[in-house]
Amino acid sequence: MPIGAQPPGRRGTVEEPYSPLNLRLVLAAFGFVVCTVLAVLLFRAGWTVPGWLLLAWAAVAVVDMVVVQLRRRARRRAEGGRDHSLFE
């Protein structure tokens, strides 16, 4: 699957993106931090299964951050370096 500014076949354009990439990046980072902290607390309390589940969600958040960052770079190259707000 090629990672460009927009996934192929989506309705969004460069002017009106399909997904607010900056907001997705912030939310994924928040999810990573929360899941990691809670997993550490659960491991210390002796709850290993929920701890591993939260670590799995933290790994999903890391993958999402990488994909979003690649799409943000592709968008920046396509637009010539224009900056975007959090909701673009």
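Analyst: **A residue and its helix**

At 24% relative accessibility, Asp-64 counts as partly exposed; here buried means under 20% relative accessible area, exposed over 50%, and partly exposed in between, with a 1.4 Å probe and protein chains only. The model is predicted, so local features need pLDDT of at least 70, side-chain atom pairs count only at pLDDT 80 or more, and totals for chains, interfaces and linings use all residues. Residues are numbered from 1 along each chain as its sequence is written, and side-chain values use heavy atoms, leaving out hydrogens and water.

What does the side chain of Asp-64 meet in a salt bridge? The partner is Arg-24, at 2.7 Å from N to O. A salt bridge needs a side-chain nitrogen of Lys or Arg within 4 Å of a carboxyl oxygen of Asp or Glu. Arg-24 lies in helix α1 and Asp-64 in helix α2, so the pair ties together parts that are 40 residues apart in sequence. Arg-24 is also partly exposed, with a relative accessible area of 26%. A search of the whole structure finds one salt bridge. In general, side chains of opposite charge can pair when their charged atoms come close.

Helix α2 covers residues 48-79, which is 32 residues, and reaches 46 Å from its first C-alpha to its last. That is close to the 46 Å expected at 1.5 Å a residue, where the expected span is 1.5 Å times one less than the number of residues. Just after α2, Gly-80 takes a positive phi of about 80°.

Which residues of α2 are buried? They are Gly-51, Leu-54, Ala-58, Ala-61, Met-65, Val-68, Arg-71, Ala-74, Arg-75 and Glu-79. An α-helix has 3.6 residues a turn, so residues three or four places apart point the same way. What covers the buried residues of α2 includes α1, residues 21-45.

Gly-51 is buried, with a relative accessible area of 0%. Leaving aside residues up to four places away in sequence, Gly-51 touches Ala-39, Leu-42 and Phe-43, a contact being heavy atoms within 4.5 Å. Gly-51 and Val-40 are 7.0 Å apart in space, C-alpha to C-alpha, and eleven residues apart in sequence. Arg-71 is charged, yet it is buried, with a relative accessible area of 7%. Arg-71 and Leu-21 are 50 residues apart in sequence but 7.7 Å apart in space, C-alpha to C-alpha.

The other helix shows the arrangement from its own side. The 25 residues of α1 should span 36 Å at 1.5 Å a residue, and the end C-alpha atoms of α1 are 36 Å apart, which agrees. Its buried residues are Leu-21, Asn-22, Leu-25, Ala-28, Cys-35 and Ala-39, and what covers them includes α2. Just after α1, Gly-46 takes a positive phi of about 90°.

Ten residues listed here form a nonpolar patch on the surface: Phe-30, Phe-32, Val-33, Val-34, Val-37, Leu-38, Leu-41, Val-62, Val-66 and Leu-70, with about 820 Å² of accessible area together. Both α1 and α2 give two or more residues to the patch, and the largest share, seven residues, comes from α1. Patches are made of residues with over 30% relative accessible area and no salt bridge; like charges are joined within 9 Å, nonpolar side chains (Val, Leu, Ile, Met, Phe, Trp, Tyr) within 5 Å. Accessible areas come from the Shrake-Rupley method with a 1.4 Å probe, and for residues only the protein chains shown count as cover.

Across the chain, 25% of the 88 residues count as buried. Among contacts between residues at least 6 apart in sequence, 64% join residues at least 24 apart.

Conventions
Helices (H or I, at least four residues) and strands (E, at least two) are DSSP runs, numbered from the N terminus.
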